[in-house]
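Dear colleague,

I am passing the structure below on to you, together with some notes on what turned up when I went through the model. Please read them with the coordinates open beside you.

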Amino acid sequence: MAVSSAADALKAGLEDRDFYLAFDRGPGRRKSASGGVVTRWLGQLLDSGRLDGVIHGEAVVALEGSPHFRAVFSSSSAELDDRRGSFYAPLCFATVVNKFARNRSRRLAFVGTPCVIRAYRRLFVEHPDFRDNHVVFLALVCSHNVSHNFTDFLYRSMGLPSGRAFRLDFRSKEGIPHAGRYRMRVSDQTGKILAHPDRMECAFTESWRSHAFVLNACHYCPDFWGCEADLSVKDAWGSAWAQDPAGTSLIAVRDEKLRAEFVSGSAGLYLEELTKTAFVNSQVLTASYRQKHVNDRWKQNVLSPSNLRNGFARNRLLGWFSRWAWPRIGAEGMRRWIHRLGSAHDRLYRWVSRVRNALRTMLRIPAALFSPLLCPLRFACYQRNKTRGPILVVGGYGYGNLGDEAQLHTTWMKLQKLFPEQLIKVLTPDPHATHALHGCAVGEAPRLAFFDADTSSMYEMNTRRRKFSFFVRALGIYVNALLVRAGTSTFMLHPRRSALLQDIRNASMVFFCGGGYLTGSTRSRLWDGALLGRLCRLFRVPLVLSGQTIGIWQGRFTRRLAHWGFSGAALIGLRDPFASKMDLEEAGIVGSQVMVTHDDALFSESADPVRLREALLKAGLSTDIADKGYRVLQFHYWGLRSRGKRITLLDQIETVVRRMARDGLPVVLISMMPADDAAVADLRRRCLDLVLPAIVKENDFRVVRGVIGAARLCVAMKHHPLIFALGENIPVISLARSEYYMHKNSGALALFDMQEFNLDLESLKWNNKFEELFERTNREAEILSRRIRLAGEELQKKGRIFDQLVRGLIPDTAGGEKS
């Protein structure tokens with residue numbers, strides 16, 4: 001079998017499984033090795049005729065030197081019940097298995113250790129004499145196995161006489177306080193109990209943990225969980241579950257059909273679903289030794305520091321010693337020497353560790369003196385951190401803008417599907433609000449951690465002094481990043497800035513969620529983003545920009561800054577086909593990494609009909625009227641600081657809304673963020689003769705998208721109401737008052753071949769143009785909807801290609817969804 005990388009070694013073999021805590025509710029639980037689940041469930045399958053028999057092991061009465069366990073075939077639940085128990089020895093299944101050769105087409109269950117399951121699964125799948133049988137394989141989670149001598153050693157260590165036939169039960173539950181204190185029960189052929197010691201008080205625990213009598217192959221086997229089994233079962237160790245003296249089982253089910261059959265056929269069983277993490281943590285130290293450190297055992301000398309530290313050297317020594325010493329010094333001598341050798345190894349390792357630590361301390365002084373001389377070499381030879389760090393998401397969200405929140409939510413959900421095992425950490429200007437709204441892991445956005453936007457006005461950059469302060473702060477951060485890359489400590493850097501710097505250095509990827517914040521019109525965000533992009537290049541962290549409007553440089557400096565920050569990006573996805581691409585070319589950023597995709601919120605979620613109906617009723621639009629149809633209008637005061645400009649805009653919007661309402665269809669006003677509420681209120685006061693329902697103070701983008709998606713037409717100034725409408729195949733008219741919004745909105749409409757529906761409110765005959773566009777949307781509604789739908793399907797294909805490229809940037813990610 002393949003050995004997993006260290007990053008996912010603990011959970012290797014548990015992919016695509018469901019996990020359960022389980023036990024038999026009946027009296028059989030006390031007689032079983034753990035929770036009695038497998039015996040009870042397989043017994044029910046036998047009684048119902050869905051299974052012809054079970055191949056498994058059982059304990060038998062035998063003399064010393066003879067096997068005390070054997071492979072058997074049970075064809076009834078009564079036989080299974082009589083043979084409950086555990087076995088610690090290698091079993092030969094050949095005699096039992098050979099009965100099912102030559103196409104007997106039997107329905108069987110096979111219970112064994114992971115190595116046995118791997119071998120016999122191959123036999124029943126590949127060999128022509130066996131492959132017509134239908135076999136369910138159940139693995140007993142296994143730390144290691146021991147030879148038959150282990151049973152004889154335990155018997156003699158209890159002071160019992162030789163020459164007597166006996167049977168050993170490793171898991172007697174009579175009179176125990178909890179499941180961690182099982183007893184060893186030795187009985188003769190009549191059933192008389194010869195000894196019944198606690199596992200902690202006899203030779204079992206120390207010799208088992210020391211790997212006495214271990215089979216040599218077990219040292220090098222990395223399969224702890226039973227990776228090829230249909231169902232794996234283990235004891236519930238190391239937690240509150242083990243407090244129940246009756247015993248509890250943990251189950252991992254892989255096969256889909258078996259999973260349904262296990263749950264449906266669980267009458268008489270207690271079942272509780274678990275997470276993969278809870279399942280692994282029940283025995284994490286053993287799993288770490290078996291699966292994580294197996295590379296050390298395979299590839300390094302037995303006395304290497306790693307193998308001394310993880311215990312392999314000790315286990316190998318005691319395993320060899322027990323096999324050599326057993327026929328020579330007997331049980332009591334064995335028990336004493338296992339303890340002595342184990343203690344000597346532990347003392348030696350502690351002494352070696354102290355000497356090594358002392359030498360390291362002594363060498364730190366000259367190392368500290370020579371460290372500055374090595375900085376240029378470390379800088380030139382810098383290697384990206386190979387541990388799997390988080391994916392950092394940055395963007396324009398965090399200010400209550402529903403369009404930006406839709407972009408973040410869609411991006412976060414997409415990244416979770418592409419990288420299911422990865423931590424996705426969202427850097428936000430409002431960590432509490434973002435976590436409450438989306439439930440994601442959060443951290444401080446660069447504008448907070450680097451530029452103190454929550455306590456300083458520097459980030460506004462509206463004066464020369466603030467621009468200078470911003471530049472000096474950015475320069476200091478970049479210089480400290482150079483120091484970090486050179487392997488030395490930061491200099492006079494605030495802890496919050498150091499923390500973000502380390503997050504970026506350790507990240508697996510930095511992902512710019514879509515938006516229009518990397519433009520000359522949003523200068524502070526552009527400078528902030530360019531610095532972050534340059535830090536990614538410095539630390540060799542893949543940088544992805546998705547669904548972006550980039551450009552409107554407003555000068556040579558911002559154009560050069562964009563090249564400095566973003567020329568090293570691994571992927572750049574644009575949400576307009578022309579302007580942003582041309583502006584990037586102006587900045588010298590060209591190549592196959594630049595792709596035209598779409599806005600990240602184009603295919604975001606929408607509210608369900610019940611939630612939509614509630615929102616419209618709350619806004620003042622009854623269900624009957626809404627069902628007949630309505631139109632949507634959104635406008636805002638963004639960028640209009642003077643009262644005169646706002647009144648001019650209100651005059652224009654009043655003209656628009658009266659034209660929209662002329663045929664009697666209601667017009668629903670939409671507020672995309674709290675700052676829009678004032679504009680909505682001003683318009684409603686102006687138009688008291690019109691009924692204008694309004695969706696305001698709404699913090700769920702799904703509701704607004706649902707309202708827009710049920711409308712006949714969307715007229716909007718902001719970018720995202722148009723995006724929501726286009727994503728729902730609704731005709732749109734864009735109203736723009738600045739170069740910034742002309743750039744953004746025309747780009748979005750161009751993706752759908754509808755750029756003629758972008759209206760400049762500052763043009764002389766804007767009202768005539770609006771009248772023309774409005775009539776056209778009424779007249780050609782179905783044609784426009786079909787055009788939007790077909791363009792949307794093409795954009796979805798482009799989005800899937802972009803997602804595939806994103807997923808390839810972290811190639812060792814397991815289990816990601818392929819787009």
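**Helix H19 and what follows**

Just after H19, Arg540 adopts a positive phi of about 60°; helices here are DSSP runs of H or I with at least four residues, strands are DSSP runs of E with at least two, and both are numbered from the N terminus. Please keep in mind that this is a predicted model, in which local features need pLDDT of at least 70 and side-chain atom pairs count only at pLDDT 80 or more, while totals for chains, interfaces and linings use all residues. Residues are numbered from 1 along each chain as its sequence is written, and side-chain values use heavy atoms, with hydrogens and water left out.

Helix H19 itself covers residues 523–538, and its 16 residues reach 23 Å from the first C-alpha to the last, close to the 22 Å expected at 1.5 Å a residue (the expected span being 1.5 Å times one less than the number of residues). The helix is mostly covered, since twelve of its 16 residues are buried, where buried means under 20% relative accessible area, exposed means over 50%, and partly exposed lies in between, with a 1.4 Å probe and protein chains only. Among the buried residues of H19 are Trp527, Asp528, Gly529 and Cys536.

**The chain as a whole**

The secondary structure of the protein chain comes to 30 helices and 25 strands, and its C-alpha atoms fill a box of roughly 110 × 75 × 50 Å along the principal axes. Of the 819 residues in the chain, 53% are buried. Thr248, in the loop between strand E9 (231–235) and strand E10 (249–253), is buried with a relative accessible area of 8%. Thr248 and Ser489 are 241 residues apart in sequence and 50 Å apart in space, C-alpha to C-alpha.

**The six-stranded sheet**

An open sheet of six strands runs in the order E22-E21-E20-E23-E24-E25, with parallel pairing; two strands pair if DSSP finds at least two bridges between them. Strand E22 (694–695) and strand E25 (758–760) stand at the edges, each with a single partner strand, so one side of each is left without a neighbour in the sheet. Strand E21 (residues 667–670) pairs with E22 in the parallel sense over two bridges, and Ile670 stands opposite Ile695 in E22.

Strand E20 (residues 631–634) is joined to E21 by three bridges and to strand E23 (residues 713–716) by four bridges, again running parallel. Val632 has Val668 as its bridge partner in E21 and Cys714 as its bridge partner in E23. Both faces of E20 are covered, with Arg631 and Leu633 buried on one side and Val632 and Gln634 buried on the other. E20, helix H24 (residues 643–660) and E21 make a right-handed β-α-β unit, right-handed meaning that, with the strands pointing away from the viewer, the path from the first strand over the helix to the second runs clockwise.

**Salt bridges**

The count comes to 50 salt bridges, a salt bridge being a side-chain nitrogen of Lys or Arg within 4 Å of a carboxyl oxygen of Asp or Glu. Arg575 forms one with Asp599, the closest N and O atoms being 2.5 Å apart. This pair links distant parts of the chain, as Arg575 lies in the loop between strand E18 (571–574) and helix H21 (579–586) and Asp599 in the loop between strand E19 (594–596) and helix H22 (609–619), 24 residues apart. Both Arg575 and Asp599 are buried.

Asp81 and Arg84 meet in a salt bridge at 2.7 Å, N to O; Asp81 is partly exposed at 27% relative accessibility, whereas Arg84 is buried at 12%. Arg779 and Glu780 meet at 4.0 Å, N to O, and Arg779 is exposed at 59% relative accessibility.

Phe468, Phe471, Val472, Leu475, Val479 and Phe557 make a nonpolar surface patch of about 580 Å². Patches are made of residues with over 30% relative accessible area and no salt bridge, like charges being joined within 9 Å and nonpolar side chains (Val, Leu, Ile, Met, Phe, Trp, Tyr) within 5 Å; accessible areas come from the Shrake-Rupley method with a 1.4 Å probe, and for residues only the protein chains shown count as cover. Helix H17 (residues 464–485) gives the most to this patch, with five residues. Val472, which is found in H17, is partly exposed, with a relative accessible area of 42%.

With best regards
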